[in-house]
Amino acid sequence: MMTEPLIKIENLRKSFPIRGGVLGKQVGEVKAVDDISFSIRKGETLGLVGESGCGKSTTGRMILRLLEPSSGKISFEGKDITSLSNTELRKIRKEMQMIFQDPFASLNPRHTIEKILEEPLIVHGVKDRNARKRKVKELLEIVGLNESHLKRYPHQFSGGQRQRIGIARALTLNPKLIIADEPVSALDVSIQAQVLNLLKDLQKNFDLTYLFIAHDLGVVRHISDRVGVMYLGRIVELADSEEVYTNPKHPYTQALLSAVPIPDVDFQKERIILQGDVPSPANPPKGCAFHTRCPYAMDKCQSVKPVFKEVENGHFTACHLH
Amino acid sequence: MKTTRDKTSMEEAIKVENPVLEVIGLNTSFVTDNGVIPVVNDIDFVVNRQEVVGIVGESGCGKSVTSLSIMGLVPTSNGKVDGKIIFNGENLVNRSEKRMRNIRGNEIAMIFQEPMTSLNPVFTIGDQLIEAVKIHRNWSKKKAKEHSIDMLKKVGLPRAEELMKEYPHQLSGGMRQRVMIAMAMLCEPKLLIADEPTTALDVTIQAQILDLMKKLNKETDTAIIMITHDLGVVAQMCQRIIVMYSGKIVEEADVRTLFKSPKHPYTVGLIKSIPDMRTKKDRLDSITGNVPKPGSIEFGCHFAPRCPHAFKRCLSETPELKTLQNGQKIRCFLHDDMEVAQ
């Protein structure tokens, strides 16, 4: 079980400046990601859940260096990639690919599927035209489409098929890590199940490692080995998927799990309905960021920021209760 | 609460005989460059007083067009609505725009998925609420304002007086949806159509909004049609559920029957394909294929191409919606041999 982490994140932060006034001076900052650390082992799926604005997508983008981290360290296979130059980065990017939420917005509407899938191969220097064509056909079959789709354009496909194309494109360069940012949230339930099954099969066949970012807790449980829960830029809980769902420690995780409507009429549960909204990340509460909505908040929570620590074997949480 | 009424057995009896809304043989089609496309196809259903009815289905199944047809919001330039929509004894199909304006927001109200696009960004919350009251009630501005503030408080918004002076962009998504609900409930409508009211919201906020809608449904006379793709939401909110597929109703049952013994292969597949948060399955059951485009299937059962049980007859004949003895309605040849209720 103790395999080398494929990717390791240490004290990663990202803040965006807020500019105001006539001169556009910086008047504040949004701490989108505030000091998070975790690692993903080879072949593992780490699920990252949280509500909108909690920083889960920003985290995914920073790992690919699509966004520059404000501070912190990202290591890929033991190599620090936080300060790599663009040329060096391009080589590493081959190993890390992304699947986006909206497959329509992330596919060029003027390119045929063949061109979309061939492009990464051209960029990364596969010179043999026939080899490229072969690879593209192979990819299409892997994701459950066929050769007849090659000459079509993205608008001729349904949402589920488009997401399959997005997945095929991510696989083109045989990556090791795939960051999937809400890959199924735009799809219908019956199609969502197909795509999730496909992602699982691919992981097995190609020995992939996933960072799976989503807000749907059912989907995340189904696909993840470990789950991290984010709230206002911080990870508040991180543990094995089974642990998070059956034995949640952080009050936010508990509330989040209880808020999900279960499709079962007999299922009775104690609902924890949180009061109020998620506070603005531009002005997060002092101490524990969750104390304004926490049913168990103590005096300490208002002033002291809880440390993210291991409370049980492999179960991390940031809460003064533990 | 002035509208709270005790649920006596007498009222229960009246409720059954007194549907708020009866939809009979509704057909809605749109004229496009590719000809006339039927989007809603021969739909019948009833909504009783105070009932919460869920309409579920995937994108393009016609659930939203059904609600727009009821509201009389199908564009007349290229849309065509046939059949009967009987609301309070009055047929709403092809009513004059003047009469519909009278009904909309007054007797039937609607809330939409994205509250930001349904609120006017250049008017304050107060302006918009007061306008909605004044259109339908002959009240003074002061009374309308008081009523609006009351309603904001009722939907659980803090600092209601100050909110009246704020603009939609100053509120969060959950608060905006509360404002939309307040606006919809201003004139105590008999029917509230909620089209994916929580889809754009986070789960913790969704829980708050669903809780609020349940509370309002209990405290007032308002019946709710809940349109959603989320089976978890309907399991929690609705008493009766209608499942739509490709413009047709394929199954209708009370919530318990639908989740405990779904009959139509589509409903069965849909329920199975939800990743349940309580257990971890190695593989999800999925329905193969894709949702057909409206109008793309001419013959036979629309679900046949994706149905694991399809046989020859399904491809040539269209099944009828039949009522089983327990009141469950289903459109499938597989259950033809089951005794049909009179």
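Q: Which residue in S8(A) is the bridge partner of A:Leu48?

A: The bridge partner is A:Ile213. This is a predicted model, in which local features need pLDDT of at least 70, side-chain atom pairs count only at pLDDT 80 or more, and totals for chains, interfaces and linings use all residues. Residues are numbered from 1 along each chain as its sequence is written, while chains are lettered from A and ligands numbered from 1 in the order in which they are written.

Q: What do labels such as S and H stand for, and what makes two strands pair?

A: Strands (E, at least two residues) and helices (H or I, at least four) are DSSP runs, numbered from the N terminus. Two strands pair if DSSP finds at least two bridges between them. Here S3 (residues 45-49) and S8 (residues 209-213) of chain A run parallel and are joined by four bridges.

Q: In what order do the strands of the open sheet stand?

A: The sheet has eight strands of chain A, in the order S6-S7-S8-S3-S9-S10-S12-S11, and its pairing is mixed. S6 (96-99) and S11 (309-312) of chain A are at the edges; each has a single partner strand, so one of its sides lacks a neighbour in the sheet. From one strand to the next, the twist averages 20 degrees.

Q: Which helices lie across strands of chain A?

A: Angles run from 0 to 180 degrees between N-to-C directions, using axes fitted to C-alpha atoms, for helices over the stretch in contact. Contact between two residues requires C-beta atoms, placed from the backbone, within 7 Å. H1 (residues 56-63) of chain A lies across S3, S7, S8 and S9 (226-231) of chain A, at about 150 degrees to S8(A). H5(A) lies across S6 and S7 of chain A and runs at about 175 degrees to S6(A).

Q: How do H5(A) and H6(A) pack?

A: Two packed helices are described by the angle between their axes and the distance between the axes. For H5 (residues 159-171) of chain A and H6(A), the angle is about 15 degrees and the axes are 10 Å apart. H5(A) and H6(A) are therefore roughly parallel (angles under 35 degrees are roughly parallel, over 145 roughly antiparallel, 65 to 115 roughly perpendicular and the rest oblique). The contact includes A:Ile167 and A:Leu171 of H5(A) and A:Leu198 and A:Leu202 of H6(A).

Q: Is A:Glu77 buried, exposed or partly exposed, and why?

A: A residue is buried if 20 or more other C-beta atoms, placed from the backbone, lie within 10 Å of its own, exposed if 12 or fewer do, and partly exposed in between. A:Glu77 counts as partly exposed because it has 15 C-beta neighbours inside 10 Å. A:Glu182, in the loop between S7 (177-181) and H6 (189-206) of chain A, is partly exposed with 19. Its phi is also positive, near 50 degrees.

Q: How many residues of H2(B) are buried?

A: Seven of the nine residues of H2 (residues 63-71) of chain B are buried, among them B:Val65, B:Ile70 and B:Met71. Just after H2(B), B:Gly72 has a positive phi of about 70 degrees.
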